[in-house]
Amino acid sequence: MTREGIVNAVIALGLLLVPLWALWANEPFTITLATKVAILALAGVGLNLALGLGGLVSLGHAVFFGIGGYAMGILAQHAQTFDPIMEAPFLIEGTKSMPVIWLVAVVSSALAALAIGALSLRTSGVYFIMITLAFGQMFYYFAISWPAYGGEDGLSIYVRNEFPGLNTLNPIEFFGITYVLLLAALFLSARIAASPFGLALTSARQSPQRVETVGLRPFRLRLTVFVISGAITGLAGALFADLNRFVSPTMFSWQMSGEIMIFVILGGVARLFGPVAGAALFILLEHWLGGVSEYWLIWVGALLLAVVLFAPGGLIGLVTRGQK
Amino acid sequence: MILKNFALAAVIAALTGTTALAGGHSDAAKVGMITTLSGGGAGLGIDVRDGFQLALKMAGAENVELVIEDDQRKPEIAVQLADKMIQSEQVDVMTGIIWSNLAMAVVPAATAQGKFYLSPNAGPSALAGKGCHPNYFNVAWQNDNLHEAAGAYANEAGFANSFILAPNYPAGQDALTGYKRFYEGELAGEIYTKLGQTDYAAEIAQIRASGADSVFFFLPGGMGISFLKQYAASGVDLPVVGPAFSFDQGILQAVGDAALGVKNTSQWNKDIDNEANAAFVAAFQEEYGRLPSLYASQGFDTANLLLSALEKAPVSDADAFRAALKEADFASTRGNFSFGPNNHPIQDIYVREVIQEGDVFTNKIIATALTNHSDAYAAECQM
Amino acid sequence: MSLLLVIEQVLNGLQFGVMLFLMAAGLTLIFGVMGLINLAHGSLYMIGAFAAAAVAGATGSFLLGLISALAAAAAMGAIVELTVIRRLYKRDHLDQVLATFALILIFSEGTRWVFGSFPLYLDVPNWLSGPVTLPGGIEYPAYRLAIIVVGFAVAAGLFWMIGRTRIGIQIRAGETDREMIAALGIDIDRLYTLVFALGAALAGLAGALVGAIQSVQVGMGEPVLILAFVVIVIGGIGSIKGAFIGAILLGLTDTLGRSFLPVLFGTVMDPSAATAVGSALASMLIYILMAAVLIYRPTGLFGRV
């Protein structure tokens, strides 16, 4: 096993053991925190595909996170009030079933990623960062001023959605769901990175000309990875909404995009487990520093600055001392 | 193990700034306060917190253990803090939330889990009407109240053609609805601005061109400061009326001369003549070195309501405690205060005018807009 | 809708655009010369406003406040460049975004720590308060006219500086060929610090000017920052001309959009729905404009390919 492999195993095991310990010690809130880590890490895993593998610095991934969240919010809201979403030309009703919600979240965020990607990928570099940011702002202002689903107030769902055979209201069972999905996404992204498609993307990142000479179109490769990336982040959004039983336009805000990016960078860009380590550290900091000082964001800023300046490989890069 | 846990709790308490005022009495209660203490809008949360703590201190209440957390004005964070308070801290009563959207995210879940929630600021219409709950008490106002009072004042002042504006989000829509509910004149114009907008030149130009005889606006926080300064500089000199949020003690100094003489509606002011208010204003200045705001008074009243109920019944006896809360048997800084059928206030709402006292801008009451005013949603509440 | 109202709104759009230009000019210079994305530019705007409010409050002089805003923002810019930014020039955009995002957190909460959580007071000086009457009978705030004048003066000054002066030649050389100017014996480190401080000073000036008619509070920089980015992206990053045209375009689009879109929709639907739809669309308008420009010209209107 490589050094990074060992670190990854430790992180994966740690994220499993902490909530199990919390269950034994009767600390339900720690389980909630671990669930939050797993979900945000999942969003990061999505972004990491675009960012690490595709080299696409998207400052608009909150769009997909938010779409996933609203997929859950809208479906569950209609199920809660027994009010069908549409009746003509055919009947669509709300649902409280997680698998169905996930499917809707994944498909709708993938479609959004396809549209946004097709337009944004015409640009590159700073322009790409900015155009993704612009799409994020469009969705954000739309969600705030669109009254049908709560506007800025957002939507409250009173009971968490259902998963066949499990009691999702029980924190540890809901954690289990998110943990399994996180592992599945990690497995998928490892497979993608090692596949011919992943290798082609890597070379497209390093030298687009080389890829074109062998007859591949970098635009298509990038669009594909952007769509997969958006879909995974969308799934995370649906779970996040379920964790909070609440969805609001702040899921679309550019600060949210920034936070997802921070998870990836803190942990280490293009490292498989980078987003997991980053999300865990961020939540830990938020939880502990938030109590120490009213001005705790100063310390988060200082830490972030230190990581960028002195530990470019992120946490995992630091632990493995740059080895793979 | 118990000792270890105790030590751990002490460490956590020290780290999280928890105010542990010793428990152990049978009438003890653990209160979780989620409020905004960092980022934009922190001033409101700090005032509510300070008012609340001042009331506990003045009463020498050792039976209330207060846990305070900062929601950063983000609904997701507020929901998680609520989970933490309910799951880990096992609080009995929750309070503190400033913003309606955060309240909508937290309150229904908290009351559904059997916790009491005392709102020191937000009063969204959904929680006053169909979504009302026996464990939810609003100690401030229903969101529409101050706007309704502004509408009533507009009639008295003889306004017949108002131009009204508010940000495009639910509280803004409620504000305009509230004003129109009582206002009887014509509308010269009605606009929704972008939330967080800071430049109002385009809107002021529309006001100028509209032929209105008065302006009603609801623009909380920095938006209101910007609007008033720009309005004063524009040379449009129509009378302005608005709810107290743009004229509270915290931001009035930042508005300065531009606010002088503006009428605004509020359920509280520092010159309301009663013993509780005089004591509160003096003690607040003594303790924190600044004048109290409307938010501070609401935090103060919330704590006193809680203490009054604790004197009558322990939290553990939920029915008795609920009944004790409902009596609202405390000396409010606003004078008369009681709860309507939906646990929202029945109170007087005043018209204030911004004046200058030495260097300090502040408000003085000039009239009563509505007497014993309830809210428009009470009839929809079934509980 | 009268012609006077349209003219007044165009003036408002111009004023908004000019203010955005002051922000965008610094951003685009810094990007053009050093290749750096600086998210913390909004914090320098905030620092300018706070410095102006503090000094104007203590001395009673608005002009002294303006001068100290320039000085404070330039000084803070220079300090940040020397300690942090300098290490980022060779990094990729991702690191720059993250590091300057971290600076936002530090500046915002640091300012709140020093000045407290309540907004500060800064007002228009007496000699510029109130409206003036323009030819044609339009009443317009004197202060806003002054902002338009200052903005055009700064724009002219920048064009002159870049086109005609020695430092301008160095800046243009730095934009096209970095190795070359080092080879010519120009102290590139000093040039970078200078350009960064200049950009910071412009942001500080914008903050102080706007602070007098808006509210001086923590977090005031971020909305403007995003708008300034939209401006330079529309105009083409690195181009002062692009920033100027982009800023005016955006100022006009936003102002005219939010005043006339609801009216426009009102002709086809009932008033309250028109207000809601119109204002929702107006708040998205500039982002739609930006996406459209980028799709049509992926490097902005005046950007180099």
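Okay, let's start with one residue: Val124 of chain C is buried, because 23 other C-beta atoms sit within 10 Å of its own, and 20 or more is what it takes to count as buried. Before I go on, remember that this is a predicted model.

So where does Val124(C) sit? It lies in the loop of chain C that runs between helix H4 (93–115) and strand E1 (131–134). Leaving out residues up to four places away in sequence, Val124(C) touches Ser129(C), Tyr143(C), Ala212(C) and Ile213(C), and also Ala233(B) from another chain. There's also Phe62(C), which is 62 residues away from Val124(C) along the chain, with the two C-alpha atoms separated by 7.5 Å.

Let me zoom out to the whole of chain C. You'll find eleven helices and two strands there. Reading from the N terminus, the order is α-α-α-α-β-β-α-α-α-α-α-α-α. The C-alpha trace of chain C spans about 65 × 50 × 35 Å along its principal axes. Of those 305 residues, 59% count as buried. And if you take the contacts in chain C between residues at least 6 apart in sequence, 76% of them join residues at least 24 apart.

Now for chain C against its neighbours. With chain B, the contact takes 38 residues from chain C and 32 from chain B. On the chain C side, the elements giving two or more residues are helix H1 (3–34), strand E2 (138–141), helix H5 (142–164), helix H10 (240–266) and helix H11 (271–296). H1(C) has the largest share of that side, with six residues. What does the side of chain C that touches chain B look like by class? You get 17 nonpolar, 16 polar and five charged residues.

Chain A is the other contact to talk about. Here 34 residues of chain A are in contact with 36 residues of chain C. On chain A, the elements that give two or more residues to this side are helix H5 (125–145), helix H10 (254–267) and helix H12 (296–310). H5(A) gives the most, 13 residues. By class, that side of chain A has 27 nonpolar residues, six polar and one charged.

For 383 residues, a compact globule would have a radius of gyration near 21 Å, and chain B agrees, with 21 Å. Its C-alpha trace spans about 75 × 45 × 40 Å along the principal axes. In chain B, 63% of the 383 residues count as buried. Of the contacts in chain B with a separation of 6 or more, 71% come from residues 24 or more positions apart.

Five strands form an open sheet with parallel pairing, in the order E2-E1-E3-E4-E5. Which strands stand at the edges? Those are strand E2 (64–70) and strand E5 (136–138) of chain B; each has a single partner strand, so one side of each has no neighbour in the sheet. From one strand to the next, the twist averages 20°.

Inside that sheet, strand E1 (residues 29–35) of chain B pairs with E2(B) in the parallel sense over seven bridges. Pick Ile34(B), and its bridge partner in E2(B) is Glu69(B). Helix H2 (residues 42–59) of chain B packs on the sheet, touching E1 and E2 of chain B, and its direction makes about 160° with that of E1(B). Helix H12 (residues 294–312) of chain B packs on the sheet as well, touching E1, strand E3 (93–95) and strand E4 (116–119) of chain B, at about 145° to the direction of E4(B).

Last stop, further along chain B. Strand E8 (residues 214–217) pairs with strand E9 (residues 240–243) in the parallel sense, over two bridges. Between E8(B) and E9(B) the chain crosses through helix H9 (residues 222–234), and this β-α-β crossover is right-handed. E9(B) also pairs with strand E10 (residues 263–266) of chain B, in the parallel sense over three bridges. There, Pro243(B) stands opposite Thr265(B) in E10(B). To get from E9(B) to E10(B), the chain goes through helix H10 (residues 249–255) of chain B, in a right-handed β-α-β crossover.

Methods: Residues numbered from 1 in each chain as written. Chains lettered and ligands numbered in written order. Predicted model: local features only at pLDDT ≥ 70, side-chain atom pairs only at ≥ 80, totals over all residues. Contact = placed C-beta atoms within 7 Å. Helix = DSSP H or I, 4+ residues; strand = E, 2+ residues; numbered from the N terminus. Nonpolar A, V, L, I, M, F, W, Y, C, P; charged D, E, K, R; others polar. Rg over C-alpha atoms; globule rule 2.2 N^0.38 Å. Buried ≥ 20, exposed ≤ 12 C-beta atoms within 10 Å, placed from the backbone. Pairing = 2+ DSSP bridges. Right-handed = clockwise from strand over helix to strand, strands pointing away. Axes fitted to C-alpha atoms, helices over the stretch in contact; angles between N-to-C directions.
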